[in-house]
Amino acid sequence: MSKLTKNQKLAAGKIEAGKAYSLNEAAKLLKEITFTKFDASVDIAVRLGVDPRKANQMVRGVVSLPHGTGKQVRVLVLVAPDTEIAAAAKEAGADYVGLDEYIEKIKGGWTDVDVIITQPSNMGKIGALGRILGPRGLMPNPKSGTVTMDVAKAVQEVKQGKIDFKVDKTAIIHTSIGKVSFTAEQIVDNARLFIDTIIKLKPTAAKGTYMKSIYLSTTMSKGIKIDPKAVAENQ
């Protein structure tokens with residue numbers, strides 16, 4: 001068993017065992033216990049009282065974080081090149097724009113992007129990429145806003161901090177909501193909007209306690225338990 005480093009011991013000593021913190025307390029504490037030399041991501045994990053195997057209890061949505069994610073998001077727009085739509089996508093900040101050449105690259109195993117956006121008319125060609133893009137969470141989907149007629153707007157929103165989330169098979173929603181370099185207030189703002197969005201998406205078929213647990217952490221820190229009731233009441 002590996003020994004704890006000095007910083008790990010210091011971090012562990014700051015977290016009170018069994019305590020559920022308020023969002024404000026957790027955000028401040030998170031910054032105190034993170035000692036990485038790089039700008040670590042701030043992650044949130046929300047465990048829900050739903051059965052993801054049932055279609056009427058699936059929780060999926062999108063949210064535009066007020067302070068962005070702090071990450072450089074690489075966006076591929078799959079539309080015909082040399083068109084007004086392609087030009088608008090590039091102007092909006094898309095990193096890659098094209099259609100057939102990128103479809104062939106993806107078939108060859110290239111998936112060096114974070115988000116893929118396209119138009120409904122192109123889904124016939126892109127559908128064949130499902131086996132490659134699906135497991136990586138890259139398949140364009142109308143529900144996440146990545147299959148749209150307004151491609152330029154979608155690119156702009158993603159670059160500004162729009163994220164797509166979905167409950168996994170263990171009933172947990174996990175995503176990054178910022179960087180440790182953010183102020184505690186910015187982390188709280190992003191976390192609160194994310195949680196509020198999940199609350200609004202509560203399936204009518206879900207029974208009992210909806211939000212079972214919330215944990216805030218950074219890339220290499222311990223998770224800090226949040227009091228779900230306090231968050232729900234915006235305290």
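Visitor: Which residues of α8 are buried?
Guide: The buried residues of α8 are Ala184, Ile187, Val188, Asn190, Ala191, Arg192, Phe194, Ile195, Asp196, Thr197 and Ile198. Buried means under 20% relative accessible area, exposed over 50%, and partly exposed in between, with a 1.4 Å probe and protein chains only. Helices (H or I, at least four residues) and strands (E, at least two) are DSSP runs, numbered from the N terminus. The model is predicted: local features need pLDDT of at least 70, side-chain atom pairs count only at pLDDT 80 or more, and totals for chains, interfaces and linings use all residues. Residues are numbered from 1 along each chain as its sequence is written, and side-chain values use heavy atoms, with hydrogens and water left out.

Visitor: How many residues does α8 have, and what does it reach from end to end?
Guide: Helix α8 covers residues 184-200, which is 17 residues, and reaches 24 Å from its first C-alpha to its last. That is close to the 24 Å expected at 1.5 Å a residue, where the expected span is 1.5 Å times one less than the number of residues.

Visitor: Take Asn190. What does it touch?
Guide: Asparagine 190 is found in helix α8 and counts as buried because its relative accessibility is 0%. Not counting residues up to four places away in sequence, asparagine 190 touches Leu65, Pro66, His67, Gly68, Ile177 and Phe182. Contact means heavy atoms within 4.5 Å.

Visitor: Which residues touch the most other members in the largest nonpolar core?
Guide: They are Ile44, Leu48, Phe194, Ile198 and Leu216, in a core of 38 residues. A nonpolar core is a set of buried Ala, Val, Leu, Ile, Met, Phe, Trp, Tyr and Cys residues joined through side-chain atoms within 4.5 Å. At least two residues of this core come from each of α2 (23-32), β1, β6 (162-166), β7 (172-179), α8, β8 (211-218) and β9 (224-226). The largest share, seven residues, is supplied by α8.

Visitor: And where is the other core?
Guide: Another core, of 14 residues, lies apart from the largest one and has among its members Ala86, Ala89, Val115 and Val158.

Visitor: Back to Ile44. What are its contacts?
Guide: Leaving out residues up to four places away in sequence, isoleucine 44 touches Ile173, His174, Thr175, Ile177, Ala191, Phe194, Ile195, Ile214, Tyr215 and Leu216.

Visitor: Changing topic: in what order do the three strands of the open sheet stand?
Guide: The order is β4-β3-β5, with parallel pairing. The edge strands, β4 (96-98) and β5 (115-118), each pair on one side only. Two strands pair if DSSP finds at least two bridges between them. Neighbouring strands of this sheet are turned by 15° against each other on average, direction ignored.

Visitor: How many bridges join β3 and β5?
Guide: Strand β3 (residues 75-78) and β5 pair over four bridges, in the parallel sense. Valine 75 stands opposite valine 115 in β5, and leucine 78 stands opposite threonine 118 in β5. From β5, Val115 and Ile117 point one way and Ile116 and Thr118 the other way, and all are buried.

Visitor: Is Leu78 buried or exposed?
Guide: Leucine 78 counts as buried because its relative accessibility is 0%. Outside the four places on either side in sequence, leucine 78 touches Gly98, Leu99, Tyr102, Ile116, Ile117, Thr118, Gln119, Asn122 and Ile126.

Visitor: Which helix lies across these strands?
Guide: Helix α4 (residues 100-107) lies across β3, β4 and β5, running at about 110° to β4. Axes are lines fitted to C-alpha atoms, for helices over the stretch in contact, and angles run from 0 to 180 degrees between N-to-C directions.

Visitor: How many aromatic pairs are there?
Guide: The count comes to four aromatic pairs. Rings of Phe, Tyr and Trp (its six-membered ring) pair if their centres lie within 6.5 Å; planes under 30 degrees apart count as stacked, over 60 as edge-to-face and the rest as tilted.

Visitor: Why is the pair of tyrosine 96 and tryptophan 110 edge-to-face?
Guide: The ring centres of tyrosine 96 and tryptophan 110 are 5.3 Å apart and the planes stand at 85°, so the pair is edge-to-face. Tyrosine 96 is partly exposed at 26% relative accessibility, whereas tryptophan 110 is buried at 17%. Tyr96, Tyr102 and Trp110 form one aromatic cluster.
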